[in-house]
Amino acid sequence: MKHKVFDNIFSDEIRSYLQELALSEECVNLHHPDGYRASDFDNPSEPKMPEEVLEEIRKNVPILRRLKYIRSWSFVYNSQCDGVKPHADPSLYNLNVWVTPDESVEDWNKNGLRIYNKDREENLSHDDYNGNNDLIKESIQNSDWEVVPYKCNRGVLFPGKMFHATDNVHMKPGDYNRRINYTFLFEPYHVLEN
């Protein structure tokens, strides 16, 4: 599977809650120089993602019912910026969901998710496939990509080993209009053998 799109992932109540949570800065743990801030959920010392959020994901993305949720994070972007550079993640599947209303978009040619037709190599370390920009740039230089257009409450499911990036950001000014995405990581349950 390259990727699959699921619209209307969350109820209005949960989508609004996630937007407010990301904007609150109560769990921000990184201000990135590329124009966004991050909040982590479900790492050992980080706050928990509410179970109601995960229940709605499992209800609306059937393949994830059979997989184990690992952790998640939110990114809140400046109104104009490049966003997250190409990288891959340590998961079987990523679910990327946008929660900012469509009326906040200034430029509809931006704000989407770029997914490269290139997987990370198995022998690379997390630091290499997630943060070594020179190595990643070399890995993807001849790769095709597809952009999944921005849409509020749209979920994009894809293998975490695929390189992906923000397709630039241009939203209307003001905090409420900031482009917000959540990324949820899933992996198989491990069956112990006797």
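Residues are numbered from 1 along each chain as its sequence is written, and side-chain values use heavy atoms, without hydrogens and water. In this predicted model, local features need pLDDT of at least 70 and side-chain atom pairs count only at pLDDT 80 or more, while totals for chains, interfaces and linings use all residues.

**Exercise 1. The chain as a whole**

Task: State how many helices and strands the chain has, and compare its radius of gyration with that of a compact globule.

Solution: 
- Step 1. The chain has four helices and 12 strands. These are DSSP runs, numbered from the N terminus: helices are H or I with at least four residues, strands are E with at least two.
- Step 2. The radius of gyration is taken over C-alpha atoms, and the globule rule is 2.2 Å times the number of residues to the power 0.38.
- Step 3. For 194 residues the rule gives a value near 16 Å; the chain has 16 Å, so the two agree.
- Step 4. Of the 194 residues, 49% are buried. Buried means under 20% relative accessible area, exposed over 50%, and partly exposed in between (1.4 Å probe, protein chains only).

**Exercise 2. Helix α2**

Task: Find which residues of helix α2 are buried, and where they sit around the axis.

Solution: 
- Step 1. Helix α2 covers residues 51-60, and its buried residues are Val53, Leu54, Glu56 and Ile57.
- Step 2. Seen down the axis of α2, these residues fall within an arc of 160 degrees, so they line one face of the helix. The arc is that of the directions from the helix axis to the C-beta atoms.
- Step 3. The cover over the buried residues of α2 includes α1 (12-24), β4 (67-77), β6 (93-98) and β12 (180-188).

**Exercise 3. Phe75**

Task: Decide whether Phe75 is buried or exposed, and list what Phe75 touches.

Solution: 
- Step 1. Phe75 is in strand β4.
- Step 2. Its relative accessibility is 14%, so Phe75 counts as buried.
- Step 3. Leaving out residues up to four places away in sequence, Phe75 touches Tyr36, Arg37, Ala38, Val84, Arg179, Ile180 and Asn181. Contact means heavy atoms within 4.5 Å.
- Step 4. Phe75 and Ile180 are 105 residues apart along the chain, yet their C-alpha atoms are separated by 5.6 Å.

**Exercise 4. Positive phi**

Task: Locate Asn111 and Asn168.

Solution: 
- Step 1. Most residues other than glycine have a negative phi.
- Step 2. Asn111, in the loop between β6 and β7 (113-119), has a positive phi of about 85 degrees.
- Step 3. Asn168, in the loop between β10 (162-166) and β11 (169-170), has a positive phi near 65 degrees.
- Step 4. Asn111 is buried, at 0% relative accessible area, whereas Asn168 is partly exposed, at 29%.
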